[in-house]
Amino acid sequence: MKGRVAALDEAVGLARGRLPDVALEAPAAVVAKARDRAALSGEYTVVALAGATGSGKSSLLNALAGARIAEPGVRRPTTGQPVAVIVPAKGGDSEHGADDLLDWLDVRQRHVAGSRALESATGLVLLDLPDHDSVVTEHRTIAERLYERVDLLVWVVDPQKYADAALHARYLRGLRDHAGVVVLVLNQADRLAPAEQRAMVADLQRLATEDGLAASPVLAASASTGAGVSELRDLLARAAQRRLAATERVTGDVRLAARALVEACGRPPNSRREVGAAAGLVRAWESAAGVDEVADAVRRSTKRSARAATGWPVTRWVAQLRPDPLRRLGLGRDRLRAGTDDLLRSSRPAPAAGERAAALSAVRTYVDAATAGAPDHWVLAARSRAADVNLDDVLDRTVVRVPVGAARVPWTWRVLAFLQWVLLAVAVAGLAWLITLAAMAWLQLPAPETPVWWGLPAPTLLLLGGVVAGLLVAGLGWLVGVVAGRSRAATARRRLGAAVAAAVNDHVIGPVAAEMDALARCRAAASKAAA
């Protein structure tokens, strides 16, 4: 029993603030009642005689106790306050445990059994309750409060009202989970002929079966003649000796409340639908974050850097005059190293209205898919957590924190840059040689012999070769920049996609999953309690 109560208490705690308070009142009350009953004496079994006006509960109580304790009468209602008969338990608990129980039940009229009629029913507390159909509202309220707390209910019916629809619909059908702690007694059986009595008991058994109480004993008794009283007394004595009625009653209460809570938790969501909606959500946020725009900026920035590093030194400065696409967006590794990333902002424009609307619509679509089948209040809790996000700020922070710029200049670029300077030096050397020869000719100085390489004067070959080779290396550098740009753009695309996916998980999927995990744990705990 303790495991069931703990599971129900866990389910109630998880559902608190996520299901309507009215749906949690009953299970919370059951948990409180179970713990209160467990803290009280287990040596006593509380049995209540319940029934309608005129059913003869008080007379039956006197017959069971073998003494005139309750005062039956013609004037209705007769019983206004519950009356208790205590059969002391054996051992050290004595009457103190019964007093604690009756204090909890708020039963003030108490009598200790003095006759020997109930001597075998040690540990029994027998209550005579007010009528459930009393014209006095207070009496009905007392009766119904005690119906919820006693361990075993003996429903006393009479031949005129045993089939009353209100009795079965309002009370007996609600006890289908407590069939083991319910007894039906057809009182005043002495008014019936033997054949009528057998037929009426059979009909009462049929009605009990329809109410879900097929396992509940059905007896015929007469408080006037004593017929059937000893049989009922023996049944109550056995229940008191077993000391299981309290546990069975609480177990039935817990299972009933837990089943209602399981139903309130709805059905589990469709995981396939959720996965598809999550993928669509990530794509929508990537579009709003401008992932493709940033990746293209990385490609163009890489080409610019390659041209600046490997281009012909005489003209490479032209490439540096063009603005860096990444810097124009306020992105790059140098920006990330410049200060605290929480303070960094990019220069890229905010998402367009259409992209923002698509991103927010994707959030709603995902939440609907992830919470499909969940109760409305739980869905609203998940929506509120997912909606609590500043989309523009989150996406900008996500993009700006991703290092999309080059970490270092590739060694191939360094080699080509070094080669460019060597070729430039060769061309300059050839040019200087030619200028020297021209100057000597202008001054009519004897010119030294100029070597010829491969059919061309050496200085001319050096000048032309250096320039042409430099342009070829610049072309190779452009090709390297194109390849590197595509590679870096793809890498940046993957990193940005991963960052956006992480942001989606942190701000939408994670919070919604936490709510749905709480729902799953609530459902599992309630199912455990209801098993």
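Strands S1 and S5 pair in the parallel sense, over five bridges. Two strands pair if DSSP finds at least two bridges between them. Strands are DSSP runs of E with at least two residues, helices are runs of H or I with at least four, and both are numbered from the N terminus. This is a predicted model, in which local features need pLDDT of at least 70 and side-chain atom pairs count only at pLDDT 80 or more, while totals for chains, interfaces and linings use all residues. Residues are numbered from 1 along each chain as its sequence is written, and side-chain values use heavy atoms, with hydrogens and water left out.

Is S1 buried or exposed? Seven of its seven residues are buried, so S1 is largely enclosed by the rest of the structure. Buried means under 20% relative accessible area, exposed means over 50%, and partly exposed lies in between (1.4 Å probe, protein chains only). Thr45, Val47, Leu49 and Gly51 point one way from S1, while Val46, Ala48 and Ala50 point the other way.

Ser55 lies in the loop between S1 (45–51) and helix H3 (57–65). Ser55 is buried, with a relative accessible area of 1%. Leaving out residues up to four places away in sequence, Ser55 touches Val156, Val157, Asp158, Asn187 and Gln188. Contact means heavy atoms within 4.5 Å.

**Two positive phi values**

Most residues other than glycine have a negative phi. Gln188 has a positive phi of about 60°, although it is not a glycine. Gln188 sits in the loop between S6 and helix H7 (194–210). At 11% relative accessibility, Gln188 counts as buried.

Trp454 also has a positive phi, near 50°, and is not a glycine. Trp454 is in the loop between strand S8 (452–453) and strand S9 (456–457). With 80% relative accessibility, Trp454 counts as exposed.

**An aromatic cluster**

A pair of aromatic rings is described by the distance of the centres and the angle of the planes. Rings of Phe, Tyr and Trp (its six-membered ring) pair if their centres lie within 6.5 Å; planes under 30 degrees apart count as stacked, over 60 as edge-to-face and the rest as tilted. The structure holds three aromatic pairs. Two of them are listed here.

| Pair | Centre to centre | Angle of planes | Class |
|---|---|---|---|
| Tyr147 and Trp155 | 5.0 Å | 55° | tilted |
| Trp155 and Tyr171 | 5.5 Å | 40° | tilted |

The pair of Trp155 and Tyr171 links distant parts of the chain, 16 residues apart. Trp155 is in strand S5 (residues 152–157), and Tyr171 is in the loop between helix H6 (165–170) and strand S6 (182–186). Tyr147, Trp155 and Tyr171 form one aromatic cluster. Tyr147 is buried, at 5% relative accessible area. Trp155 is buried at 1%, and Tyr171 is buried at 9%.

How do H10 and H17 cross? The axes of H10 (residues 271–289) and H17 come within 10 Å and cross at roughly 80°. Axes are lines fitted to C-alpha atoms, for helices over the stretch in contact, and angles run from 0 to 180 degrees between N-to-C directions. H10 and H17 are therefore roughly perpendicular. Angles of 65 to 115 degrees get that name; under 35 is roughly parallel, over 145 roughly antiparallel, and the rest oblique.

At the crossing, Trp285, Ala288 and Ala289 in H10 meet Leu391, Val394, Leu395 and Val399 in H17. Leu391 lies in H17 (residues 391–400). At 6% relative accessibility, Leu391 counts as buried. Beyond its neighbours within four places in sequence, Leu391 is in contact with Trp285, Arg356, Ala359 and Leu360.

The buried residues of H10 include Leu281, Val282 and Trp285. They pack against H11, helix H15 (353–370), H17 and helix H19 (458–530). The 19 residues of H10 should span 27 Å at 1.5 Å a residue, and its end C-alpha atoms are 27 Å apart, which agrees. The expected span is 1.5 Å times one less than the number of residues. Gly290 follows H10 and has a positive phi, near 70°.

H11 (residues 291–310) has 20 residues and reaches 28 Å from its first C-alpha to its last, close to the 28 Å expected. Among its buried residues are Val291, Val294 and Val298.
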